[in-house]
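Take a look at it before reading on.

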2 protein chains.
Amino acid sequence: MPNRPSAKKIKELLAPLLTSERRRRIKYVLERRTKYVTLVLDDLYHQHNMSAVVRSCEAFGIQDVHVIELENRFVPTHGVSMGAQQWISIYRYSSISDCINVLKENGYRILAADPPEKALETKQKTSVSIDDLDIKEGRVAIVLGKELDGLDPRLRNQCDSVVYIPMKGFTESLNVSVTAALFLYQLRKKIDELPTQLWRLKDEEIEELEALWYVKSLKRGEQILNELLERRG
Amino acid sequence: MPNRPSAKKIKELLAPLLTSERRRRIKYVLERRTKYVTLVLDDLYHQHNMSAVVRSCEAFGIQDVHVIELENRFVPTHGVSMGAQQWISIYRYSSISDCINVLKENGYRILAADPPEKALETKQKTSVSIDDLDIKEGRVAIVLGKELDGLDPRLRNQCDSVVYIPMKGFTESLNVSVTAALFLYQLRKKIDELPTQLWRLKDEEIEELEALWYVKSLKRGEQILNELLERRG
């Protein structure tokens, strides 16, 4: 087996097999992709919710999702997610601290999606509504708790503060996939008001994803790529 | 059995059985309730989605939901909706035209939640993004299609125009309960910028709901109310 070729090489080999419309679409989507905002999903239980969250991330151009798998494995079903999981990056952790460490190393402010009264359990003991959240200061990770139980207190302790969705009824919390989408949509609007260089993927990240998406855009793309590489010797 | 008593009478009888905190909460929620915006759900299939939609409506103070039941009965499950259905009004129709007529009689502009390219199939052949939608002109009903199939073309034909959620990925549609919540949240923000008298419930609507919610706030509320009425003779 030859070594894994460069992204540039993969693109060169596969480009002739894709329509120009498809290549333009990939470029268009990549130019809007971002890691400036990310989600952390704490041990979700319902596949239906996992799938809907993945679909919303993809739709709003959020590239990374961090998944803590303590009791439940994160397996979005293809039907509900409409295949969205192949276009985003899912990072899996078997402990809370592993996940938090990675987020911190990557410069994320970590916000618990919780009602405002939970603010006291966070590091800064503050809360802000999603409408008032200012993301100009830097990258933001929104942490969502599991269905029914809500956020694990050990995870909330590691969050900087609380961010909440203002509500006006008796209902005190929303379905987790609904919550995720509301955050993503509002955050996406805030991102689009920032200078592009703050949130756009790096050129090399774009090239890597572009090559990956060329492969995924073809039926049996991996196999075709390997055949082309062998033919070249 | 005595005739159904007035809302005022019910409130008088039950108020002493509720905490002042509960009565204040009911008042607070009612002051934020509105029929200015409503949802139309076209024959949803998944109970999980029905429940999540109902919960979002309640959370954002949207009082009315209109449900067209052609093949599927609208039965939100208590668990996922967190009991939200008892605080909103669900209107059921067995035909598209019955539902449309009721909306028209009540002065709603009827908008199909659809991708912009479906605009040509609506009456005005126009589309607008949810961010640009202006609701100052009057009441708005958002029509959501069923999972997978999307909106019934016979229903889309009856809509004035298309309203869509701008997306940035490969995904072309979102989960229906996610879509509903995104519309409701954005519309709620727009409502809150309008003068209160445009969207607040009428005094008599508030009084009727207040009485109903007093009953629902008590365990076996109906039974207690009947006993109190009989005692009064």
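Q: Is A:V37 buried or exposed?
A: This is a predicted model, and the answers below are computed from it. A:V37 is found in strand β1 of chain A. It has 25 other C-beta atoms within 10 Å, and 20 or more count as buried. Therefore A:V37 is buried.

Q: Which residues does A:V37 touch, not counting residues up to four places away in sequence?
A: A:V37 is in strand β1 of chain A. Contact here requires C-beta atoms within 7 Å. Residues up to four places away in sequence are not counted. That leaves A:I62, A:V140, A:L187 and A:I191.

Q: What separates the C-alpha atoms of A:V37 and A:I224?
A: A:V37 and A:I224 are 187 residues apart along the chain. The separation of their C-alpha atoms is 34 Å.

Q: Is A:V67 buried or exposed?
A: Strand β2 (residues 64-68) of chain A holds A:V67. The cut-off for a buried residue is 20 or more other C-beta atoms within 10 Å. A:V67 has 22, so it is buried.

Q: Which residues have the most contacts inside the largest nonpolar core?
A: The largest nonpolar core has 126 residues. One of those with the most contacts inside it is A:V143. Leaving aside neighbours within four places in sequence, A:V143 is in contact with residues including A:V40, A:I110, A:L151 and A:C159.

Q: Is α3(A) roughly parallel or roughly antiparallel to α7(A)?
A: Helix α3 (residues 47-59) and helix α7 (residues 176-191) of chain A pack with their axes 8 Å apart. The angle is about 10°. Angles under 35 degrees count as roughly parallel. So α3(A) and α7(A) are roughly parallel.

Q: How do the residues of the contact of α3(A) with α7(A) divide?
A: On α3(A), the contact is made by A:N49, A:A52, A:V53, A:S56 and A:C57. On α7(A), it is made by A:V176, A:S177, A:A180, A:A181 and A:L184. They divide into 7 nonpolar, 3 polar and no charged.

Q: Why does α9(B) count as roughly perpendicular to α10(B)?
A: Helix α9 (residues 203-217) and helix α10 (residues 221-232) of chain B have axes 7 Å apart. The class roughly perpendicular covers 65 to 115 degrees. The two helices pack at about 110°, which makes them roughly perpendicular.

Q: Which residues of α10(B) meet α9(B)?
A: From α9(B) come B:V215, B:K216 and B:S217. The residues of this contact divide into 2 nonpolar, 2 polar and 2 charged. The α10(B) side consists of B:G221, B:E222 and B:L225.

Q: Which helix gives the largest share of the side of chain B that touches chain A?
A: 26 residues of chain B are in contact with 26 residues of chain A. On the chain B side, α2 (20-32), α3 (47-59) and α7 (176-191) each supply at least two residues. That side divides into 15 nonpolar, 7 polar and 4 charged. The largest share, 6 residues, comes from α3(B).

Q: How many Å apart are the C-alpha centres of domain 1 and domain 2 of chain A?
A: Chain A is divided into domain 1 (1-33 + 201-233) and domain 2 (35-195). 5 residues of domain 1 are in contact with 5 residues of domain 2. The domain 1 side divides into 2 nonpolar, no polar and 3 charged. The C-alpha centres lie 30 Å apart.

Q: What phi does B:K125 have?
A: B:K125 lies in the loop between β4 (109-113) and β5 (127-129) of chain B. It counts as exposed, with 11 other C-beta atoms within 10 Å. Most residues other than glycine have a negative phi. B:K125 is not a glycine, yet its phi is positive, about 55°.

Notes:
Residues numbered from 1 in each chain as written. Chains lettered and ligands numbered in written order. Predicted model: local features only at pLDDT ≥ 70, side-chain atom pairs only at ≥ 80, totals over all residues. Axes fitted to C-alpha atoms, helices over the stretch in contact; angles between N-to-C directions. Helix = DSSP H or I, 4+ residues; strand = E, 2+ residues; numbered from the N terminus. Parallel < 35°, antiparallel > 145°, perpendicular 65-115°, else oblique. Contact = placed C-beta atoms within 7 Å. Nonpolar A, V, L, I, M, F, W, Y, C, P; charged D, E, K, R; others polar. Domains from an automatic or database assignment. Core = buried A, V, L, I, M, F, W, Y, C linked by C-beta atoms within 7 Å. Buried ≥ 20, exposed ≤ 12 C-beta atoms within 10 Å, placed from the backbone.
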